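Dear colleague,

Please read the notes with the coordinates open beside you.

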Amino acid sequence: MEELIKELSLIENFRKYFKPMSEEEYVKYQTDLYNNSVGDLKYIDCKICKNKGYIQHIDENFHTYLTECECMVKRKSIARLRKSGLGNTIEHCTLDSYTVQNPWQKRVKDTALEYISDTSGSWFYIGGQSGCGKTHICTAISVALINQGRTLKYEIWRNLFHQLQSLQFDNEKYGYKLKELQDVDILYIDDFMKSLDRSKINTELNFAFEIINARYIADKPTIISSEFDISQLNSLDNAIAGRIVEKSGRFTISVSGGEKNFRLK
Ligand SMILES: [Zn+2]
């Protein structure tokens with residue numbers, strides 16, 4: 001008898017605590033379960049979605065639906081930054097950390113800021129001697145554009161030139177690489193026309209023309225830094241320089257001379 005009473009009270013307790021769920025309760029339970037589960041997305045530790053990228057909600061008919069978490073915008077930007085090839089330079093090459101001590105530096109920065117908010121699809125060209133912060137300013141522009149949701153590819157000219165040289169006798173691979181350079185939303189070429197081997201200048205100019213012309217025809221924004229200012233580039237090859245000037249317009253910057261004179265076009 002005592003056993004039976006004990007058993008009945010156990011059943012009573014079980015009923016009290018484990019009564020069957022209504023549909024609404026089940027949906028709520030299932031939603032909480034999803035929202036509390038932990039995902040494995042990288043880069044940011046998000047307390048809202050617990051690194052799944054999505055949040056589950058319940059509508060008025062007790063149907064569930066997912067919305068993207070606010071962290072996804074940032075995650076996608078970080079993923080695009082990593083894919084761009086810009087690497088660690090993005091951390092110290094920001095617009096805020098660009099030194100403005102002289103009028104020409106201020107104008108470089110102002111032009112960069114104007115370019116970032118420009119929506120005409122212009123190109124950006126900065127030419128001049130090393131040490132004037134060309135890579136810094138172009139990297140800062142690149143990061144800003146990636147954060148706007150654009151896809152950008154970073155190429156150091158010297159490496160690109162060597163890669164194209166190694167592919168030039170393989171039509172399929174060469175064509176694939178050129179198509180990749182043509183198709184990317186924004187291409188940033190760093191140290192344009194600076195290769196290690198000046199005896200191969202004609203080959204270098206041929207490759208440069210193919211890329212610039214492909215971007216020109218596709219009408220895709222291109223950011224270029226070079227030790228050659230635009231008039232020096234023009235004396236090397238006026239077909240290349242002409243296309244760059246036409247596309248860059250007021251975003252063509254030359255920093256030259258000991259005084260680092262600044263001029264546009
Ligand atoms: Zn999140």
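A crossing is called left-handed if the near helix is turned anticlockwise from the far one by less than a right angle, and right-handed if clockwise. This is a predicted model, in which local features need pLDDT of at least 70 and side-chain atom pairs count only at pLDDT 80 or more, while totals for chains, interfaces and linings use all residues. Residues are numbered from 1 along each chain as its sequence is written. Helices are DSSP runs (H or I, at least four residues), numbered from the N terminus.

The crossing of α9 and α11 is left-handed. Helix α9 spans residues 201–218 and helix α11 residues 238–248, and their axes (lines fitted to C-alpha atoms over the stretch in contact, with angles from 0 to 180 degrees between N-to-C directions) come within 10 Å and cross at roughly 30°. The two helices are therefore roughly parallel to each other (angles under 35 degrees count as roughly parallel, over 145 as roughly antiparallel, 65 to 115 as roughly perpendicular and the rest as oblique). On the α9 side the contact (C-beta atoms, placed from the backbone, within 7 Å) is made by A208, F209, I212, N213 and Y216, and on the α11 side by A239, I240, R243, I244 and K247.

The second pair is α3 (residues 71–84) and α6 (residues 134–147), which pack at an angle of about 140° with their axes 9 Å apart. That makes α3 oblique to α6, and the crossing of these two helices is right-handed. Here S77, R80, L81 and S84 of α3 meet S142, V143, I146 and N147 of α6.

Note on methods. Contact = placed C-beta atoms within 7 Å.
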